[in-house]
Amino acid sequence: MALKVTPEEEKKVKALGFLRNKGTDNFSGRIITVNGKITSEQNACISEAAKLYGNGIVTLTTRLTIECQGIPYDKIEDFRACIAKEGLVTGGTGSKVRPVVSCKGTTCQYGLIDTFALSEEIHHRFFEGYATVKLPHKFKIAVGGCPNNCVKPDLNDIGVIGQRIPDYDEELCNGCKKCVIENNCPVNAAKVIDGVLEIDETLCNNCGRCIDKCPFDAIEDGKTAYKIYIGGRWGKTTACGQPLSKIFTSEEEALKVVEKAILLYREKGKTGERFATTIDRLGFDAVNEELLSDDILARKQEILDAQLHLAGGATC
């Protein structure tokens with residue numbers, strides 16, 4: 001059967017989040033879930049739209065979006081209107097900030113930060129707020145609640161990982177022969193040496209599992225913090241992200257770093273290259289220094305107004 005949808009029409013709806021089903025004139029509509037969390041009402045609405053306008057099949061993507069398959073080209077607008085009843089939209093394609101991925105955060109026994117709240121803020125500020133900002137290539141963001149890294153933050157262009165920096169009061173340590181902290185530290189960063197507990201900061205990953213475990217309250221509390229990785233990539237070529245030299249103790253500070261990374265990528269990235277390649281070209285130390293300063297924020301409007309990356313074409 002000859003295909004009727006033209007390449008121009010296909011390109012137009014791809015920008016709306018509709019990807020052609022191979023060899024057909026039907027499309028999969030990509031629904032943005034904000035961070036992988038939807039309500040029961042939204043779930044029912046998606047099922048209804050899939051049945052009315054598609055082939056009834058709903059699939060989950062690796063980026064926590066939802067796709068309804070088999071939607072004819074002439075039913076796309078009806079599909080979008082149907083899901084809009086529950087505040088849902090389609091999208092998530094193109095050389096720009098992509099949908100945010102989040103783990104489940106504090107509903108998990110290991111969760112150290114509210115990843116749903118943070119990822120939702122990132123979604124509003126940068127997925128929605130930067131929706132019209134052209135970047136050299138796709139830009140992926142992940143938020144993980146602890147160093148278990150379930151959503152692989154270090155394989156994203158930028159990844160935020162929840163931390164809990166232990167407040168250790170050495171004077172309260174009794175140097176127990178069987179130290180609860182030492183015996184339960186998953187990375188062997190805590191050891192009793194010469195009758196006193198020592199925590200090797202080069203090994204400690206701030207997982208927070210030592211907090212409130214000492215019977216003598218030597219580690220009664222800890223600071224909530226955010227470790228940020230940049231330059232991760234998963235695709236035709238892979239790269240493991242590197243952590244910035246500072247761990248951030250303010251959520252707003254972490255959000256500023258995300259914005260600075262996007263601005264730096266837009267300003268200094270070459271069209272078609274991923275952020276990892278930009279970092280390699282500029283040098284990690286130089287990028288690290290720039291992301292720890294606020295100089296790039298002073299040029300924010302100038303960077304956003306610049307006529308950059310007008311022609312597509314991925315190089316990786």
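In what order do the four strands of the open sheet stand? In this predicted model, the order is β1-β2-β4-β3, and the pairing of the strands is antiparallel. Beside the sheet, the briefing covers a helix that packs on β1 and β2, and a pair of helices, α2 and α3, that pack with their axes 9 Å apart.

**The sheet**

- β1 (18-20) and β3 (58-60) stand at the edges of the sheet and have a single partner strand each, so one side of each is left without a neighbour there.
- On average, and with direction ignored, neighbouring strands of this sheet are turned by 30 degrees against each other.

- Two packed helices are described by the angle between their axes and the distance between the axes.
- For helix α2 (residues 40-53) and helix α3 (residues 76-84), the angle is about 160 degrees and the axes lie 9 Å apart; angles over 145 degrees count as roughly antiparallel, and α2 and α3 are therefore roughly antiparallel to each other.
- The crossing in which α2 passes α3 is right-handed.
- From α2, the residues C45, E48, A49, A50 and Y53 meet D78, F79, C82 and I83 of α3, and by class this contact has seven nonpolar, no polar and two charged residues.

Note on methods. Residues numbered from 1 in each chain as written. Predicted model: local features only at pLDDT ≥ 70, side-chain atom pairs only at ≥ 80, totals over all residues. Heavy atoms only, no water. Axes fitted to C-alpha atoms, helices over the stretch in contact; angles between N-to-C directions. Helix = DSSP H or I, 4+ residues; strand = E, 2+ residues; numbered from the N terminus. Parallel < 35°, antiparallel > 145°, perpendicular 65-115°, else oblique. Left-handed = near helix turned anticlockwise from the far one by under 90°. Contact = heavy atoms within 4.5 Å. Nonpolar A, V, L, I, M, F, W, Y, C, P; charged D, E, K, R; others polar. Pairing = 2+ DSSP bridges.
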